[in-house]
Amino acid sequence: MNLKLKVWRQKNRQDKGKMVDYSANDINEHMSFLEMLDVVNESLIKKGEEPIAFDHDCREGICGTCSLTINGIPHGPERATTACQLHMRHFKDGDTIYIEPWRAKAFPVIKDLIVDRSAFDRIIQVGGFVAVNTGGAPDANALPIPKDDAETAFDAAACIGCGACVAACKNASAMLFVSAKVGHLAMLPQGQVERERRVLQMVRAMDDAGFGNCTNYYECEAVCPKEIKVSFIAKMNREYAKALRAG
Ligand code: SF4
Ligand code: FES
């Protein structure tokens, strides 16, 4: 198939950036979206032009780095799918596709489609861990965890930190991401020691990074490739209120 692309090009943080037209020709429908961009980049390199910079690593929906907004939707039109797992068969011959980076003040563009997501790292650094002596691996049945709690913790732990939730939100809120991290550890015995400190510090780091607040549009849940539910935001708000009272 042949496609028309409109791609955001921006030399660096200071550059204003603009949409640039490209053609993607002879694209196989079995290619992933990133493989399609690889083909475009090969042709740009052959012509002596600067290839399009985009982030990627695992290309199998695990690392969360493929931060592309495709036709206005973070990670593109398929639900529960990262941009790297999106296949070209979801597009039609002759389509025009708009490709942009995540748009949020807290995620400044580094180059073209690559944004700086170190704000997420700063949030994780203040609370996304448990500080316990691990020692040897305990017996699996030595620390009983109710099945529902284990499943809820696992659902939250599926968050890959991609930032699509922020990019989709009109307030650029990071509450789905932060609530997944807070919710994951709050459900498990290992997370209890730092439970109150964790939620207070992570929420403060989130606010300091310039993310907005949640006003219940649920766009975050709609674009999340790991289907993290907004109910985690409600859980985090309860955790936060309890921690404030305890402090
Ligand atoms: S909550 Fe979903 S959209 Fe947000 S960072 Fe985690 S995986 Fe990505
Ligand atoms: S490249 Fe790792 S999730 Fe897409």
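The structure holds zero disulfides (a disulfide is a pair of cysteine sulfur atoms within 2.5 Å). This is a predicted model: local features need pLDDT of at least 70 and side-chain atom pairs count only at pLDDT 80 or more, while totals for chains, interfaces and linings use all residues. Residues are numbered from 1 along each chain as its sequence is written, chains are lettered from A and ligands numbered from 1 in the order in which they are written, and side-chain values use heavy atoms, with hydrogens and water left out.

**Ligand 1**

- The shell around ligand 1 includes Cys-159, Cys-162, Cys-165 and Cys-224, where a shell residue has a heavy atom within 4 Å of the molecule.
- Two elements give two or more residues to this shell: α4 (164-168) and α5.
- Helices are DSSP runs of H or I with at least four residues, strands are runs of E with at least two, and both are numbered from the N terminus.
- The shell divides into ten nonpolar, two polar and no charged residues.
- Nonpolar covers Ala, Val, Leu, Ile, Met, Phe, Trp, Tyr, Cys and Pro; charged covers Asp, Glu, Lys and Arg; the others, Gly among them, are polar.

**Helix α5**

- Eleven of the twelve residues of α5 are buried, so the helix is largely enclosed by the rest of the structure.
- Buried means under 20% relative accessible area, exposed over 50%, and partly exposed in between (1.4 Å probe, protein chains only).
- Lys-181 is among the buried residues of α5.
- The cover over the buried residues includes α2 (118-127), α3 (147-157) and α8 (231-246).

**Salt bridges**

- The count comes to ten salt bridges, each a side-chain nitrogen of Lys or Arg within 4 Å of a carboxyl oxygen of Asp or Glu.
- Arg-9 and Asp-112 form one of them, at 3.1 Å, N to O.
- Arg-9 sits in strand β1 (residues 3-9) and Asp-112 in the loop between β6 (109-111) and β7 (114-115), 103 residues apart.
- Both Arg-9 and Asp-112 are buried.
- Glu-50 and Lys-111 pair at 2.6 Å, N to O.
- Glu-50 is in the loop between α1 (33-46) and β3 (69-70) and Lys-111 is in strand β6, so this pair ties together parts 61 residues apart in sequence.
- Glu-50 is partly exposed at 47% relative accessible area, and Lys-111 is partly exposed at 26%.
- Glu-194 and Arg-198 meet at 3.6 Å, N to O, and both are buried.

Note on methods: Contact means heavy atoms within 4.5 Å.
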